[in-house]
Amino acid sequence: MEGGVDYLIDERKKAQFDVEAMKVAWAGSRQAFELSDRIAKLVANDPIFEKFSRPMLGRKELFKNSLRKVAHAWKLIIDLRLSEEEAKLLRHYIDEPAYTDLQWEMFIPAIEGQGTEEQKRKWLPLARKMQVIGSYAQTELGHGSNVQGLETTATFDPQTDEFVIHSPTLTSSKWWPGGTAKVSTHAIVYARLILDGQFHGVHGFIVQLRNLENHTPLPGITVGDIGMKFGNGAYNTMDNGVIRFNHVHIPRNQMLMRVSQVTREGKFVQSDVPRQLLYGTMVYVRQKIVADASKALSRAVCIATRYSAVRRQFGSRNGGPEIQVIDYKTQQSRLFPLLASAYAFRFVGEWLKWLYTDVKQRLEANDFSTLPEAHACTAGLKSLTTSATADGIEECRKLCGGHGYLVSSGIPELFATYVPACTFEGDNVVMMLQVARFLVKTVSELGYKQPVGTTAYMRRVTALMQSNCAVRTAEEWLNPGVVVEAFEARSTRMAVACGQRLAKFENPEEGFAELSADLVEASLAHCQVIVVSKFVEKLQQEIPGKGVKRLLEVLFYVYALFLLHKHQGDFLATGYLTPKQASLANDQLRILYSKVRPNAIALVDSFNHTDHLLSSILGRYDGNVYPKLYEAAFNDPFNDSDIADGIHQYVQPMLRQELHSAKL
Ligand SMILES: CC/C=C\C/C=C\C/C=C\C/C=C\C/C=C\C/C=C\CCC(=O)SCCNC(=O)CCNC(=O)[C@H](O)C(C)(C)COP(=O)(O)OP(=O)(O)OC[C@H]1O[C@@H](n2cnc3c(N)ncnc32)[C@H](O)[C@@H]1OP(=O)(O)O
Ligand SMILES: Cc1cc2nc3c(=O)[nH]c(=O)nc-3n(C[C@H](O)[C@H](O)[C@H](O)COP(=O)(O)OP(=O)(O)OC[C@H]3O[C@@H](n4cnc5c(N)ncnc54)[C@H](O)[C@@H]3O)c2cc1C
């Protein structure tokens, strides 16, 4: 058997649920599915969006090709009158980081969230028509996580009614802003506001970087690219920049002034809007990154699952077929939790989008009450989902054996493009420490203030601290209430234990630093409560289609019991579970894997990923893996000639023992 076509045909016949209905459940609604399917096909059928050759291109060619794709996409958006939602789907299916990500996901949202009405009226129409192209220049060579430590200065000059933007040190050079190195005409530059010699915190300023006529950098601005990044192709389609400012003057009305204002006289005015709103764009993007995690993880899982059904190793009897590697229990115990995680992240992402929309509406009405919760949720879930997705993609590579290491498997580029998500928009550990601050505060207030939102479960602190799990059989783990309670009890106990240990420190900040590793673990436990609970809430909704809900329930238990198994140390150390109960959960997990097995291919088909998006020979929908791998090898330009450049010059002299006289 050369290809796996028949194997995948057989696998699809085993499905015990309605795949078309599952596609709708994954997409969120029939309308969302149809929209997404239409745009996916539009991209897949357009040769300009070809991406298989991307890893073979040099940086300049790669970048130019990316500019061409963006220009073509923008033309399509105008010609086909695509809505903003359709345009964002187009970006997703084109699957190439580009300067427009910063324009639409950071520059515009920053003005929307931090600009005054007047600033929005001026800048948003220009940006939305792409008449100015903006980026988000916050991080510097010397500081990224510590935003208050930024060194760039914005000094008000009352003589000219302008701010003077300046990079006083090498470490104050802006470093990383995407889109800035070669494209953006403007940037939101975060800088220390100085009025009359006094520091008034870090604020955002709209700074023009380039001449709109000839694209040259404006006087006083030194700008360039920071160099090649991890992996070929991958994030190298993006021009991440370095910028130095040498006393660059901008008008006073280009400071984003919703949160604080500077008057004509140079006076600082703090409005009622909390200063944290300056960080609002990051809250927005973190929410987007959570939604993106399920997309990236589902791609890797789709490739690894299809290939695991095609690939056979060992167990052949009398010349019969070998065993499909997907039938090995070890393969299932590594793959199926990732499959379940993709669904879990999809649903928690959907919920987080709702939470963000709600917060945004409140902020617009000057209600800031839910901002701390939104910050903790976006920071924590961004950290949890991106770490799990990055690790999951790498696990999928290993699940594909040696062929997973080939660029044509689609996994190396996906991994290289995805991993910076663990760092950008907030390093994942730094983000978990933000959740820790929120949790510590919640726990310290438990005696007199009812926790709300995602910490509401801690209202039952006494019960969660005292009562223990009642499970006696593996079957009894199949109860959402029992599972959620276990996660809530573990999280509460870990958070309370941290709170008690912190109380022993005279200086709370010193205590926080000393216990930070434990605090990160407690924060992760809390974030897992959110993901598990949101999955249960999804299952409580009506989910049409034969067998769809049943399969989602199976995936829920796989996700939750896998986590319970992985973190059983916490569950045992907090005393909520006995070793016997943890072992019963693991017994149940094995039973669940056997329920997933016949449905595995149909479950990944339900993601509705096109072959274009997957860009993977191993993950092809038709399973025709071996002939296509063979064909791709001989189509590689490296195989254009039997004799590679350099063979005559460097190898043959060695073979002939003539190296001493060869010209090297
Ligand atoms: C296959 C897929 C391929 C590719 C794509 C992959 C993924 C992309 C997916 C989707 C992308 C969509 C769009 C993305 C587009 C581009 C993204 C690309 C690049 C990323 C760009 C960047 O990285 S921009 C730079 C980001 N920088 C950071 O995130 C910095 C992190 N640091 C901070 O946020 C802060 O400094 C801090 C939170 C760590 C600390 O702040 P500070 O020192 O001021 O504060 P305190 O600790 O003293 O806190 C003060 C109080 O304020 C609260 N707080 C802090 N932050 C916020 C906030 N954001 N909102 C609300 N409240 C906040 C804090 O909790 C304190 O509260 P107290 O009550 O305790 O006082
Ligand atoms: C691909 C990519 C694109 C980017 N795009 C942009 C962009 O468009 N605009 C922009 O402004 N920025 C951008 N960035 C920068 C990015 O936001 C920062 O790199 C990120 O916020 C992390 O900051 P850092 O690099 O300073 O890491 P550091 O803070 O130096 O982290 C180094 C290590 O120190 C640890 N650490 C730091 N602080 C603490 C703490 N308080 N407690 C415990 N551990 C700590 C971290 O966990 C990490 O292990 C981009 C980065 C990447 C990789």
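Me: Which helices each supply at least two residues of the shell around ligand 1?
Reply: Helix H6 (99–114), helix H8 (280–310), helix H10 (371–399), helix H11 (411–418) and helix H12 (428–444) do. Keep in mind that this is a predicted model.

Me: And which one gives the largest share?
Reply: H8, with 7 residues of the shell around ligand 1.

Me: How many residues surround ligand 1, and which are the closest?
Reply: 35 residues surround ligand 1. The closest are Glu 105, Gln 276, Tyr 279, Asp 292 and His 375.

Me: How does that shell divide by class?
Reply: The shell around ligand 1 has 18 nonpolar, 11 polar and 6 charged residues.

Me: OK, ligand 2. How many residues surround it?
Reply: Ligand 2 is surrounded by 21 residues, and the closest are Gln 138, Thr 139, Gly 144, Ser 145 and Trp 176. By class, the shell around ligand 2 comes to 11 nonpolar, 8 polar and 2 charged.

Me: Which elements supply at least two residues there?
Reply: Strand E1 (134–137) and H12 each do. H12 gives the largest share of the shell around ligand 2, 3 residues. H12 also supplies at least two residues of the shell around ligand 1.

Me: Switching to the fold. How many helices and strands in the protein chain?
Reply: 23 helices and 11 strands.

Me: What does UniProt place at residues 18–133?
Reply: An unreviewed UniProt entry has "domain: Acyl-coenzyme A oxidase N-terminal" there. In the model, residues 18–133 are 72% helix and 0% strand, with the end C-alpha atoms 45 Å apart.

Me: What about the radius of gyration of the protein chain?
Reply: The protein chain has 27 Å, which agrees with a compact globule, because 664 residues packed that way would come out near 26 Å. Along the principal axes, the C-alpha atoms fill a box of roughly 90 × 80 × 60 Å.

Me: What percentage of the residues is buried?
Reply: 44% of the 664 residues. Of the contacts with a separation of 6 or more, 74% are between residues 24 or more positions apart.

Me: How many residues are in the largest nonpolar core?
Reply: It has 177 residues, and Leu 339 and Val 558 have the most contacts inside it. H8 provides the largest share of this core, 17 residues.

Me: What does Val 558 touch, leaving out residues up to four places away in sequence?
Reply: Val 558 touches Phe 336, Pro 337, Ala 340, Leu 589, Leu 592 and Val 596.

Conventions:
Residues numbered from 1 in each chain as written. Chains lettered and ligands numbered in written order. Predicted model: local features only at pLDDT ≥ 70, side-chain atom pairs only at ≥ 80, totals over all residues. UniProt positions renumbered as here; feature names shortened; annotations may be inferred. Helix = DSSP H or I, 4+ residues; strand = E, 2+ residues; numbered from the N terminus. Near = placed C-beta within 6 Å. Nonpolar A, V, L, I, M, F, W, Y, C, P; charged D, E, K, R; others polar. Rg over C-alpha atoms; globule rule 2.2 N^0.38 Å. Buried ≥ 20, exposed ≤ 12 C-beta atoms within 10 Å, placed from the backbone. Contact = placed C-beta atoms within 7 Å. Core = buried A, V, L, I, M, F, W, Y, C linked by C-beta atoms within 7 Å.
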